[in-house]
Amino acid sequence: MSIEATGPNADQIAFWNGDAGKSWAKNQALMDSMIEPLGNIAISESVISAADQVLDIGCGCGATSFALAKLGANVTGIDVSEPMLGIARSRADTTDHHVDFVLGDALTHAFERDYSVLFSRFGVMFFADPVAAFRNLLGAMNESGRLCFICWRPAIENAWISVPMGAAIAHMPPMPQTDPRAPGEFAFSDKDYVAEILDAAGYKEIEIDPVDQALTVGGASDIDQAIEFYEHIGPLARVFSELDEPTRMKALDAVREAVQPYLSDDGLTLGSACWLVKARL
Ligand SMILES: C[S@@+](CC[C@H](N)C(=O)[O-])C[C@H]1O[C@@H](n2cnc3c(N)ncnc32)[C@H](O)[C@@H]1O
């Protein structure tokens with residue numbers, strides 16, 4: 001089965017089936033090692049038991065789906081990205097028989113089951129209409145169900161992005177003003193906005209707490225790997241891909257210089273800042 005880039009999320013479906021999804025799929029191990037500590041916090045806060053039926057929203061290459069299943073839960077991962085779901089399916093083995101994956105859009109998918117946990121690691125900030133998406137997801141939750149997801153706080157609070165970006169920006173043409181709430185990594189960086197969305201979608205007992213955690217960026221053990229990550233894989237990759245060659249080289253040199261002080265034997269370590277969001281029916 002394949003997915004068409006149609007409906008309200010057409011742009012994001014195309015995006016996650018294009019270079020972005022292919023790059024995540026190719027670099028899955030790297031991405032997973034970097035954000036695993038953040039996913040683990042959300043998993044721990046979800047208090048999973050063997051009785052749980054979990055929906056992993058925007059499950060990508062499936063790392064959190066497998067981690068949740070290892071706690072005994074039955075897990076369904078849903079995602080719009082064929083390349084990423086392809087990796088997830090290829091990673092499933094006989095020990096993960098309580099994991100299945102659905103290629104679909106969480107905003108429009110007609111869920112047939114009642115889940116006790118709606119979970120996500122960075123997979124819910126890409127909806128064109130977040131209230132409609134969370135309302136649809138609420139319909140998939142059983143009466144005692146709970147929601148738990150982790151999303152980024154503003155880029156400026158995330159040193160792993162703001163340090164390289166701050167250095168690169170001096171070499172880049174002025175960037176067009178964009179809507180900070182447009183679908184994308186940082187769409188949920190305003191805590192009050194997230195609370196409004198969940199409230200409007202019908203969720204109760206909404207709790208949003210900060211999580212501050214050091215990350216090893218892109219699994220980098222030397223400066224070249226770090227630069228490779230920023231250029232091709234992380235959220236800055238799109239920005240770099242739009243620069244002409246001389247500008248890109250200058251910007252990358254500036255990034256190299258800016259992140260060098262954060263490199264140690266443990267890799268390139270910089271701070272991250274997230275929201276841990278919980279709610280109930
Ligand atoms: C930043 S990635 C995170 C992937 C994964 N949760 C992880 O932590 O590795 C965001 C994921 O959300 C998925 N996604 C975006 N919009 C979606 C939608 N409307 N329905 C389902 N998945 C979506 C993307 O395809 C992508 O896999």
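Guide: A polar contact is a pair of N or O atoms within 3.5 Å; within protein, one must be able to donate a hydrogen and the other to accept it, and residues adjacent in sequence count only if both atoms are side-chain atoms. This is a predicted model, in which local features need pLDDT of at least 70, side-chain atom pairs count only at pLDDT 80 or more, and totals for chains, interfaces and linings use all residues. Residues are numbered from 1 along each chain as its sequence is written, and side-chain values use heavy atoms, with hydrogens and water left out.

Visitor: How far is a backbone N or O atom of Ala106 from a nitrogen atom of the ligand?

Guide: A polar side-chain atom of Asn9 lies 3.4 Å from a ligand nitrogen, and a polar backbone atom of Gly58 is 2.7 Å from one. For the backbone of Ala106, the distance to a nitrogen atom of the ligand is 3.0 Å.

Visitor: What angle separates the planes of Trp16 and Phe126?

Guide: The structure holds 14 aromatic pairs (ring centres of Phe, Tyr or the six-membered ring of Trp within 6.5 Å; planes under 30 degrees apart are stacked, over 60 edge-to-face, the rest tilted). Trp16 and Phe126 form an edge-to-face pair, 5.1 Å centre to centre, and the angle between their planes is 80 degrees.
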